[in-house]
Amino acid sequence: MATTSDAANDTANEPYVLNIGPQHPSTHGVFRLRVVMDGEVIRDLDMIVGYLHRSMEKLAEERTYTQNIPFTDRADYLAAMSNNLGLCLAVERLAGVEVPERASYLRVIFAELQRIASHAMANGTLVSDAGAWQTPLLYMFREREKILDLFEMTCGARLTTNYMRIGGVAFDPPPEFWPALQELVDELPARIDEYASLVQDSEIFLARTRNVGVITAADAINGSLVGPALRGSGVPWDLRKAEPYCVYDRMEFEVPVGRHGDVYDRFMVRMEETRQSTAIIKQAMAQIPGGPHKTDIPLALRPPAGEVYGRVEGPRGELGFYLVSDGTPAPYRFHIRAPSLINLSLLREMAVGVSLPDAVVALGSLDIIVGDIDR
Amino acid sequence: MSRAALPPATPMARQILDHRSLLQRARTLPGEARVALALLGIMTVAALAAVGYLVIAGTLDGRWYDIRDLGNGTSHLVYWMERQGWHPAIPYLTTGLLGGLGILSLVGGWLVIGSWVERRLLAKFQIRQGPNRNGPFGLLQPIADALKLIQKEALIPIGADRLLYYLPPVLIFIPAMLGWAPVPWAARMSYVDMNVGVVYAIAISSLGVLAVFLAGWSSNNHYALLGAMRTVAMMVSYEIPISMTLLSVVVLTGSLQLSQIVAWQQQYHVWLIIVLPLAAFTFLFASTAEINRTPNDIGEAESEIVAGFHTEYSGMKAGLFLAVELGNAILVGAMMATFFLGGYTLFGLETWIPGYLILATKIGAVYFVFVWLRGTLPRFRLDQLMGFAWKFLIPLAIVQLLVVAVEALVIEQSGLPGVATVSGAILVNALLTFFGVRAWANAIGYRPEAGASTPILTTAVGGLRAAARLQAVP
């Protein structure tokens, strides 16, 4: 051929495959994105999960309901309390176990503390993904550290707490717990404001997160999005309001809802939820009655044959436990509806067609926990 | 909590519990040792005071042992060699060697201290402790780091171009060292006080990108290649605003020679950052892009492309890249200090304090700003960064250059006193900075992002219809 067109020789637009993960700073665990890229722009995206699969749901079928509680700690390892609570509520409904009032209040306090700790981690890592070298993350860790100290004080563990029991909670908090909690609740609003002033009006952060990773309300509902991601998209859906469990119907709080459905809205929804959680803890502390923290249940609890779907509003959204009992001490089927996995399925809609930095920020805003995805 | 009652569980915990500060350790010294230490301190202060008195009294002035000016010692050596009637190449080579060794040891010292300072400062920004295990205040941490890096296995990725893979960590050092040549450390004290110093500085600063691109290309890794491409794109864009701003400096001061630029600032008793605030900001911002530092560290954005062009480098090769990055930050600090912060001068104080100490202090100040930015700001996206250079910095730099050309003419040829003309220039440039930036931002359609939306608070939950109801209410 005498002349070759430039387009034929042009290899600049040849797409290539980039493996993001399983070891990558912004995949938040062992999770892999197989990305087809054209320059800096993502053309296609595969999410490859399963690196942390521990076969929890199958293992659970060999254990009693109480023995299964530690598994839920390790599913979503940043929200152990909420996971404990979800399983216990489901089993209690299946077996018809009554919960003392004090236990319900304790559950609310610890679930909300867990929400604050988890949101601190989520927002901190999101800003780290946007490039602020760990500073906001470490500021948020300051409060998370105090919450974990409270957990340790109460049940001896910081992450894998294994605190809730079927019919109550494992321990009543020690006397020194309450002043420490009061101190934390008193200083939290100011700390949250300080953190917000550090990040939320930063021009660079706004430029990086506004109108990035937008999900419309309809898409969010169709994609079964839950939690702060769903509320960020403008849908006012919170299980604590929609079908109150424990004593949430006695608490006064508001549900924050985003306006645009972008990364920034999800960030702001989480910030506002930590404020609301602080308010809930304050009310629970004022209302908590005395009495037992636990009802006695048989060692090998045998719920009647049947099935139940119990759900709670975890930090990442609706966390469901689908249990089938055949009348034996072990569940016949034990299924976890993990918020991280379902939220992650929307990443494709957000990330295809945008550049790599936007995709990283969008992934960070979904707040996935790989233990929750793989189980 | 009753955790303190328990014995420390790990060696690390034991170390932390047993750790005592220098002051605490000094308090437990025996009495004689404390007296001896106090005497030593008093004698040191007295000696310093005596030397200071001699310096101020002028007794030591102009001698080779004058501690204020290391350059004097060298020149005395050269005169001595010339008096001996040796071949002129010998003093020339000797001074070259001495100066080179001086710069090498100085930059090396900066690297060691700088890496400690950066980690320690960042830790303070991030409410952490920072390195405090090795030596007092963790001062030996850089040495421990270097030893660890040297011990590490040198890995070469499969499919890497071996020669090109080995070269960049060495190559990238060359411009980082050459860049120091024209920097005036004191009056008559620079390695080469060339008359085209500014052109030389710009030329040398664009050399580093070659090594970066080699590293990215030869690693056989997409992350490395992406990082290299980003760095090259950024360098090409940001060379222009840097050159433009330095051009306005050159036009105003009327010289390409760095010592002359400092002399101009000395003559009018004003720093160029006050005369040309816009140019100073442009230079600082563009420099962060050139040397890959936050908020423009997109060439090695950790959360996106792992470590950018040096992803595949391990051990001391990675260490060299990191060292050069730090060295470049210090070099940019020196340039910033020379061009905009008065160089080695400090409003007359340079006759009392050695010029190189003043310059080092200014470099430290600029470096502190870099660390501060790193501890505070998120990162721009590549397109935002390029857009900022092409749509914002370059047009403004051109306008600044045109304005400065007129001002330089007035200062040079109007015959008015320098105070009046330079003050006028400061006023005009301040107005240009304040209103010009706003006007241009409006012209290109930029709206500040601040005042961003806060979430709607509601107690009514529901699905899509509830969402629509909520959004309808303003």
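**Figure 1. Confidence along chain A of the predicted model, from helix α1(A) to helix α12(A).** Within chain A, confidence is lowest in helix α1 (residues 6-9), where the mean pLDDT is 49, and highest in helix α12 (residues 263-287), where the mean is 91. Residues 1-8 of chain A have pLDDT below 50. Beyond near neighbours in sequence, this stretch makes one contact in the model. Where pLDDT is low, the predicted coordinates should not be read in detail. For chain A as a whole, the mean pLDDT is 86, and 97% of the residues reach 70 or more.

**Figure 2. Helix α15 of chain A and the residue that follows.** The helix spans residues 356-366, and eleven of its eleven residues are buried, so α15(A) is largely enclosed by the rest of the structure. The assignment rests on a count: a residue is buried if 20 or more other C-beta atoms lie within 10 Å of its own. After α15(A) comes A:D367, with a positive phi near 55°.

**Figure 3. Packing of helix α14 against helix α16 in chain B.** Helix α14 (residues 277-290) and helix α16 (residues 315-340) of chain B pack at an angle of about 170°, and their axes are 11 Å apart. Because angles over 145 degrees count as roughly antiparallel, α14(B) is described as roughly antiparallel to α16(B). From α14(B), the contact is made by B:A280, B:F283, B:L284 and B:S287. From α16(B), B:V332, B:M336, B:F339 and B:F340 take part. Of the residues in this contact, seven are nonpolar, one is polar and none is charged.

**Figure 4. The two assigned domains of chain B.** The domain assignment of chain B places domain 1 at residues 31-108 and domain 2 at residues 158-442. Taken over C-alpha atoms, the centres of domain 1 and domain 2 of chain B are separated by 31 Å. Chain B contains 20 helices and one strand. Along the principal axes, the C-alpha atoms of chain B fill a box of roughly 95 × 75 × 50 Å. Of the 474 residues of chain B, 36% count as buried. Among contacts in chain B between residues at least 6 apart in sequence, 73% join residues at least 24 apart.

Technical notes
Residues are numbered from 1 along each chain as its sequence is written. Chains are lettered from A and ligands numbered from 1 in the order in which they are written. This is a predicted model: local features need pLDDT of at least 70, side-chain atom pairs count only at pLDDT 80 or more; totals for chains, interfaces and linings use all residues. A residue is buried if 20 or more other C-beta atoms lie within 10 Å of its own, exposed if 12 or fewer, and partly exposed in between; C-beta atoms are placed from the backbone. Helices (H or I, at least four residues) and strands (E, at least two) are DSSP runs, numbered from the N terminus. Axes are lines fitted to C-alpha atoms, for helices over the stretch in contact, and angles run from 0 to 180 degrees between N-to-C directions. Angles under 35 degrees count as roughly parallel, over 145 as roughly antiparallel, 65 to 115 as roughly perpendicular and the rest as oblique. Two residues are in contact if their C-beta atoms, placed from the backbone, lie within 7 Å. Ala, Val, Leu, Ile, Met, Phe, Trp, Tyr, Cys and Pro count as nonpolar, Asp, Glu, Lys and Arg as charged, and the others, Gly among them, as polar. Domain bounds come from an automatic or database domain assignment. pLDDT is the predictor's confidence in each residue, from 0 to 100.
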